[in-house]
Structure formats: C-alpha cells, structure tokens
Amino acid sequence: MGDVAKDLTAGTVGGASQLIVGHPFDTIKVKLQSQPTPLPGQLPRYSGAIDAVKQTVAAEGPRGLYKGMGAPLATVAAFNAVLFTVRGQMEALLRSHPGAILTVNQQVVCGAGAGIAVSFLACPTELIKCRLQAQSTLAGSGAAAVAVKYGGPMDVARHVLRSEGGLKGLFKGLVPTMAREIPGNAAMFGAYEALKQLLAGGTDTSGLGRGSLLLAGGLAGAAFWAIVYPTDVVKSVIQVDDYKNPKFSGSIDAFRRIRASEGLKGLYKGFGPAMARSVPANAACFLAYEMTRSAMG
C-alpha cells in the first residue's frame, strides 16, 4: 500500500477516534462561546462548563452533548485524510533523502501546509456543527438568530444554501477558520514531533510505546488550542450570527466588540472545555493514526 493510501486510512481512523472522545467537550465549548453577553444586572445563561453540562443534560438528555456530531462525523474521513495526507506529502518534499527524519521546524511547516488545505473542509463543517450546538443556547436568549430551527445537519445546509447566499454562505467564517487551522496545526505537529523526540531521547522515535504516543498526542493537541483559541471564539460567533440582522460586520469587528464588551476573558469563553477535550481527543487521534499506519507496514 502506498504512503498516500496509508495516510488516508490512518487519518480517517484517527479522526473518528478524536471525534468520539472529544465531541461532548466541543459542544460545551460552543455553548459557552455563543451565549449572549448578559444585560447589566443579569446573570449569564451558563455560569461555567459544569453548569452548561448540567443544563444541557437536563434539557436535552445525554444526546444533547452529541448535538451537531452528524456533520463532522460525515466529513471526518475527508478532513483527517486531507490533514494527514497533505502533511505526509509535504514531509516527502522536505526530506533530503527517502527515510530521512525531519526536524521539528520542518514538521511545523508541514503542519501549516496541512492547515491551509483542511480549512476549506473545516469551515462549512464547523458552521453546520456550531449552528446545531448553539441553537438551544440562543433560543433561551431571545436572539433573532434563532428564528430558524434546524432539524439536523442537512437541514442547516439546505437553509444556508437557500437563504444565506448559496455556496458562499457555507464558507462564512473562512478567514478565522484559516487563522485557527494554519498556526494551530503548525504548533500541533511541531509539538508532537518535539515531544516524541524528547520522550525517545533522540530523533529515532520508532520505538515509543502507546503511553508515550498518548502523552505526546495529548500535549500536542493542547498546544493547538493554547495559541489559537481567541480565533476559534471569533469563528464561532461569526458562524452563528444572524444572516439578516448581523451583530458583527466581520472577524475584526467581532474581535474588537468582544474585547470591548467582555474584556480579554471574552475571547477565552469555553477555554476550559476546549483544553479538557484537546488532551484526550488528540491523544486518541494520534495513537489511532500511529497504530493504524504501523499495522499497514
């Protein structure tokens, strides 16, 4: 089996593992990000991540934590296949000779290149996911954006294509998506390689066990979110913003208004669940990827 086919297969398995482990955390993250700023004297809809979990389960049952999973599940194969395949092909381009071990800096470049490619898949998927995850939060706020109720991922896609500018509407939030995926994946793949080499005590990481791969993958995922989280907040509020009566004119406006009304902490709403998700979800992803790739020879 060729390297491209191996990366396609292993990336798909890794992505599915990541999604199953991490989606409930992601749901809570989006709910916290998208809840409207309370009026003076009023309390926010959710006091924190634990409160968001309690309210979600009470109102929607445990299935509410997996709201919006259909869209990323349907595209996880394509997303992770592109991510790991583009990264693999860039590794091949940067190697001085077949089998050469890349430096950490070269892995950073590979991650950035993969981030460019996956942004175009991530944007419409994230828009659909965020609309489904956030609609119950927005419904409790009386926001105009909830005039439309979505029955599922395909319903969101149909509505956007019909009423929000066609195909262009599905790419709402592309700029902050790229601002998340490019530096985020550069940091993640760079950190993953650096941690593997640290744990292996050298550049040959082929002998690392599952525990070491889990640790390196989990911490690499944390590195992703640590450097790009504010751009994810901006992406989420842009993608759930009302099309007819938008609150924000664009990404820069969203950033400025969140900062002005809520301070720096407004750009880190949902950061706890995001970090809590990133470690186990990315640990599962990288371990599944490495084991699948190894099994294929």
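Predicted model: local features only at pLDDT ≥ 70, side-chain atom pairs only at ≥ 80, totals over all residues.
Helix packing is described in a simple way. For two packed helices, what gets quoted is the angle between the axes and the distance between them. Helix 8 (residues 210-240) packs against helix 10 (residues 271-295) at an angle of about 140°, and their axes are 7 Å apart. That angle makes helix 8 oblique to helix 10, since only angles over 145 degrees would count as roughly antiparallel. As for handedness, helix 8 and helix 10 cross in a right-handed way. The residues in the contact of helix 8 with helix 10 split into 16 nonpolar, five polar and three charged.

Helix 8 also has a partner in helix 1 (residues 3-34). Here the packing angle is about 65°, with the axes of helix 1 and helix 8 lying 9 Å apart. Helix 1 and helix 8 are therefore roughly perpendicular to each other; the range for that label runs from 65 to 115 degrees. The crossing of helix 1 and helix 8 is right-handed.

Next come the cysteines. A disulfide is a covalent bond joining the sulfur atoms of two cysteines, and the structure holds zero of them. Cys 110 is buried, its relative accessible area being 0%. Cys 130 is in no disulfide either, and the nearest cysteine sulfur to it, that of Cys 123, is 9.8 Å away. With a relative accessibility of 0%, Cys 130 counts as buried too.

Glu 60 has its place in helix 2 (residues 49-60). Is Glu 60 buried, partly exposed or exposed? Glu 60 is partly exposed, because its relative accessible area is 27%, and that label applies between 20% and 50%. Between Glu 60 and Leu 174 there are 114 residues of separation in sequence, while their C-alpha atoms are 30 Å apart in space.

Methods: Residues numbered from 1 in each chain as written. Heavy atoms only, no water. Axes fitted to C-alpha atoms, helices over the stretch in contact; angles between N-to-C directions. Helix = DSSP H or I, 4+ residues; strand = E, 2+ residues; numbered from the N terminus. Parallel < 35°, antiparallel > 145°, perpendicular 65-115°, else oblique. Left-handed = near helix turned anticlockwise from the far one by under 90°. Nonpolar A, V, L, I, M, F, W, Y, C, P; charged D, E, K, R; others polar. Disulfide = S-S within 2.5 Å. Buried < 20%, exposed > 50% of the residue type's maximum accessible area, 1.4 Å probe, protein only.
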